Amino acid sequence: MALSKEEYREKVMQPYPLIDALRAELGESAEIYDNFDLPRVSAYVNHPTFKYGELEINYSTTIVISKLVDVVRLTFCCTVKNPDPKAWDKRIDTESYFEYFTQEQFDLDEKLTTFFDQHGIHKITYSEEEYVIPGLDFVHEGMKFFGAQPSAGMLFFEDFFDYL
């Protein structure tokens, strides 16, 4: 899909057409942000925290939808409270694009897969997102920070062309 600078800006600045349906699907506990300075909608779902003595684990799911093409990325997150007084960070974080940490994340993925399928939105895999676009040069110097070569994910979810 080739867009002029003006068409790109217009598409990104418009409210995402499925925002109300997404909000209804996720419920009130989800935080949803319709970014007007980036070509994506972001949603965050916190799942129940697990506590056992000193052990505390927080689970969440991040949903990122492109406003430019019909793709979505789900990231399953896990944060463990680190009680080690010598640790540099009081949390240990990990995330996965394809493995769940809890049943709640699995159930949410199943529910959202049905929702996105109904609306013609493809759930992008990690390898699809990281696919390098051969012959495409960086036009926005700030994007070089993200990697040595332009990827599909940069085009789908970031202001790759510095139009905004």
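1. A residue is called exposed here when its relative accessible area is over 50%, and buried when that area is under 20%. The model under discussion is predicted, and these two words are used throughout in that sense.

2. An α-helix has 3.6 residues a turn, so residues three or four places apart point the same way.

3. After α2 comes G27, which has a positive phi, near 90 degrees.

4. E129 belongs to helix α4, residues 126-129. With a relative accessible area of 7%, which falls under the 20% limit, E129 counts as buried. Its side chain makes a polar contact of 2.4 Å with the side chain of R73; leaving aside residues up to four places away in sequence, E129 also touches Y97, I124, S151, A152, G153 and F157.

5. As for the chain as a whole, its 5 helices and 6 strands follow one another in the order α-α-β-β-β-β-β-α-β-α-α. Of its 164 residues, 40% are buried, and the chain exposes about 10,200 Å², of which carbon and sulfur atoms supply 53%. Among contacts between residues at least 6 apart in sequence, 44% join residues at least 24 apart.

How values were computed
Residues numbered from 1 in each chain as written. Predicted model: local features only at pLDDT ≥ 70, side-chain atom pairs only at ≥ 80, totals over all residues. Heavy atoms only, no water. Helix = DSSP H or I, 4+ residues; strand = E, 2+ residues; numbered from the N terminus. Buried < 20%, exposed > 50% of the residue type's maximum accessible area, 1.4 Å probe, protein only. Contact = heavy atoms within 4.5 Å. Areas by Shrake-Rupley, 256 points an atom, 1.4 Å probe, with all protein chains shown as cover. Polar contact = N/O pair within 3.5 Å; in protein donor to acceptor, adjacent residues only side chain to side chain.
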